[in-house]
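Here is a short note on how two chains meet. Please read it with the model open beside you.

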Number of protein chains: 2
Amino acid sequence: MAARVLLPHMSRASGVRVAGVGLTPFGAHAGRTGRDLFAEAALAALDDAGVAAGDVEGLDYGNFMGALAERQGHQAPLVAEAAGLRCPATRYEEACASAGVAVRAAVQTIRAGEADVLVAGGMERMTNLPTPEVTEALAVAADELFEVRAGVTFPGAYALMARAYFEAYGGSREDLAHVAVKNHANALDNEYAQYQREITVEQALDSPTVASPLSLYDACPITDGASAVVLVSEAYADDNDLDAPVAVTGTGQGADRMALQDRAQLARTPAADRAAEAAYADAGVGPADVGVAEVHDCFTVAEVFALESLGLYEPGEAVGAARRGETTRDGAVPVNLSGGLKAKGHPVGATGGSQIAELTRLLRGDHPNSDAASDATVGVTHNAGGTVASAVVHVLEVVE
Amino acid sequence: MAARVLLPHMSRASGVRVAGVGLTPFGAHAGRTGRDLFAEAALAALDDAGVAAGDVEGLDYGNFMGALAERQGHQAPLVAEAAGLRCPATRYEEACASAGVAVRAAVQTIRAGEADVLVAGGMERMTNLPTPEVTEALAVAADELFEVRAGVTFPGAYALMARAYFEAYGGSREDLAHVAVKNHANALDNEYAQYQREITVEQALDSPTVASPLSLYDACPITDGASAVVLVSEAYADDNDLDAPVAVTGTGQGADRMALQDRAQLARTPAADRAAEAAYADAGVGPADVGVAEVHDCFTVAEVFALESLGLYEPGEAVGAARRGETTRDGAVPVNLSGGLKAKGHPVGATGGSQIAELTRLLRGDHPNSDAASDATVGVTHNAGGTVASAVVHVLEVVE
């Protein structure tokens with residue numbers, strides 16, 4: 001890993017370290033159960049951390065659609081047991097931001113001095129449902145009365161948001177295609193990615209329309225997978241000589257009105273603005289410090305919204321970022337070096353934890369794309385629920 | 001309210017106050033939505049507290065089966081919006097302990113200094129599903145692979161636990177019938193209770209068998225309802241001259257193996273033992289200090305398990321408590337003066353918050369049954385998930 005210039009502040013917020021990360025491959029895991037997938041990720045994270053399961057004091061776990069996909073609720077104690085954890089375990093559900101919220105809870109619990117060692121992450125089984133049923137299950141994250149009954153599903157909702165953005169600020173389908181191309185290229189060498197293959201702008205533009213202006217290659221896939229991170233107090237890391245150079249220094253959460261019709265406008269995502277503002281303030285950093293970002297690109301246009309909410313671009317300016325090469329692996333701030341939800345995959349309840357795991361690997365230098373982040377000491381994750389009715393942002397920093 | 005002798009300790013844990021409580025009537029709310037029910041409870045709690053919605057910094061919200069009952073996930077921002085709250089909102093799902101976990105999170109967040117004013121609670125819509133579908137939806141809280149597919153539903157599971165208890169320690173159906181009779185009697189004057197009517201031991205014993213040894217009157221009903229409490233820091237309460245004499249001084253959570261078959265024995269509930277132990281240690285009190293308790297009597301036998309986990313009885317001795325009059329309104333430690341889940345009702349995701357609300361009313365002196373708790377300065381709540389694979393215990397104390 002290249003030498004980095006660390007920021008001088010290092011507030012009390014540097015007290016939570018990412019000691020280890022674990023992921024299952026993202027993709028279709030026919031014949032496996034959710035508990036089995038989460039155990040794989042959790043055991044990998046503990047192994048990566050060099051922390052014994054017996055030291056874990058709690059599990060904060062994200063899952064979205066288990067009651068529909070596996071007829072399994074009350075998953076937290078179940079997956080804890082599967083992972084060999086004997087500790088209190090809590091499930092968080094915040095649609096696609098479920099694991100982001102779980103990580104945030106773990107960070108706050110360690111900061112409060114209530115625990116020194118927690119596992120956070122999430123899991124989703126999706127491919128076991130037929131595609132129309134997955135779409136219906138995902139729609140449970142929208143407003144059932146005022147959106148779903150009117151026929152709105154998430155591709156349609158994000159298409160409305162993309163149209164609003166184009167009308168407000170300009171931008172084109174080609175701009176969005178470049179986001180897809182970038183994220184597929186980034187996923188090429190990521191062993192956990194669902195799609196380790198490149199695509200072209202022409203392929204993206206020629207793919208079937210899903211909800212105009214969005215086409216098939218603007219959308220993330222349907223994915224099974226799990227993520228886990230071991231979060232520890234700085235004191236525990238020191239006392240146990242852990243190699244844990246990455247700290248979670250900022251956490252923020254925001255909410256917005258649920259249904260699109262109730263929002264003042266659709267070309268911005270204020271829940272994520274608030275989450276980012278809170279996370280930056282918490283960490284004592286700003287957008288100018290950010291060197292790498294993992295953001296919630298459930299659709300290509302969602303990456304555009306994310307970059308503006310994170311303050312990396314002014315409103316209306318992020319849409320051309322990938323086309324201009326600013327967010328590609330050689331750009332000023334590489335975005336979604338993991339492949340993002342678009343190409344790495346989006347097992348809903350696992351995604352927020354996967355972002356933390358991937359960003360940690362990028363900052364530690366053991367990610368296949370770490371060379372593209374070698375100058376970065378500060379990274380951010382952006383995890384959104386629904387049409388960004390909820391959002392969680394975390395700031396991670398290299399502190400050693 | 002009678003003069004009370006307050007305990008001398010008052011640790012840092014006295015720093016979280018219950019500023020206000022709100023409940024909907026428990027029962028069937030045909031034609032109303034979940035968001036509407038929760039808003040009613042939250043607005044009542046804010047009104048009771050004298051706290052403006054604009055001061056609320058976060059919502060911690062429990063819900064169990066919304067994806068199945070209303071096809072509505074991602075409920076936290078939705079119900080926050082319905083209640084006029086403009087703040088981050090998180091949903092917790094821990095089966096029947098969902099709201100208990102939500103309250104616990106809020107307590108920890110305030111203690112950590114991350115917020116001064118939070119709303120916690122929960123909501124469940126259940127009566128809109130036909131009864132067989134409700135039973136199937138509830139079964140999602142059990143182990144789908146190793147319990148549900150084998151035909152185990154919750155009445156069956158608790159019947160197995162009751163049999164194991166009877167075999168280990170003795171006890172009879174009549175002992176359990178006395179629990180039902182007591183809790184129905186307690187609900188008589190509770191305006192929020194689903195069943196404001198008394199029953200007799202004979203009626204309970206003669207009611208149809210559900211899963212032997214449990215009969216219809218051993219089981220709690222299917223219920224719609226919502227609960228909310230406003231939790232504030234002591235500093236906020238002081239600065240705003242709130243009348244908030246009750247503090248949450250202890251919180252504890254425990255977990256156990258999920259499936260009954262994986263447990264060493266069925267006559268005890270170790271998850272709740274651990275939760276109680278942690279909560280007592282947190283508060284610096286013990287079972288001998290407890291003057292009143294609200295416990296998770298989803299079935300009559302569950303109240304027996306709860307009293308032993310709470311340390312109010314030695315193993316095997318709680319089964320006769322109601323029959324002997326020790327837990328009735330005139331007993332040494334009145335239990336479920338609200339009517340409990342049995343007679344007040346059990347809207348799954350709301351129950352943990354309802355217990356906090358009812359215990360607060362009992363301790364403040366404005367509950368119809370407060371006269372039976374007038375000597376109590378310490379009360380406990382016991383909220384369990386599934387067959388007590390998870391449990392949350394809180395200690396509340398009168399501190400002013």
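1. In the interface, 50 residues of chain A are in contact with 50 residues of chain B. Contact means heavy atoms within 4.5 Å. This is a predicted model: local features need pLDDT of at least 70, side-chain atom pairs count only at pLDDT 80 or more, and totals for chains, interfaces and linings use all residues. Residues are numbered from 1 along each chain as its sequence is written, chains are lettered from A in the order in which they are written, and side-chain values use heavy atoms, without hydrogens and water.

2. The area buried between chain A and chain B is about 3,900 Å². Carbon and sulfur atoms give 50% of that area. Buried area is the accessible area (1.4 Å probe) that two parts lose on being put together, summed over both.

3. The rule finds eight salt bridges across the interface of chain A and chain B. A salt bridge needs a side-chain nitrogen of Lys or Arg within 4 Å of a carboxyl oxygen of Asp or Glu. Arg111(A) forms one with Glu114(B), their closest N and O atoms being 4.0 Å apart.

4. Look at the strands next. β3(A) is joined by three bridges to β3 (residues 89-93) of chain B, and the two run antiparallel. Strands are DSSP runs (E, at least two residues), numbered from the N terminus. They pair if DSSP finds at least two bridges between them. Glu93(A) stands opposite Arg91(B).

5. Finally, symmetry. A rotation of 180° with 0.0 Å of shift along its axis superposes chain A on chain B (RMSD 0.0 Å). That is the relation of a two-fold axis.

Key:
Helix = DSSP H or I, 4+ residues; strand = E, 2+ residues; numbered from the N terminus. Least-squares fit on C-alpha atoms with pLDDT ≥ 70 in both.
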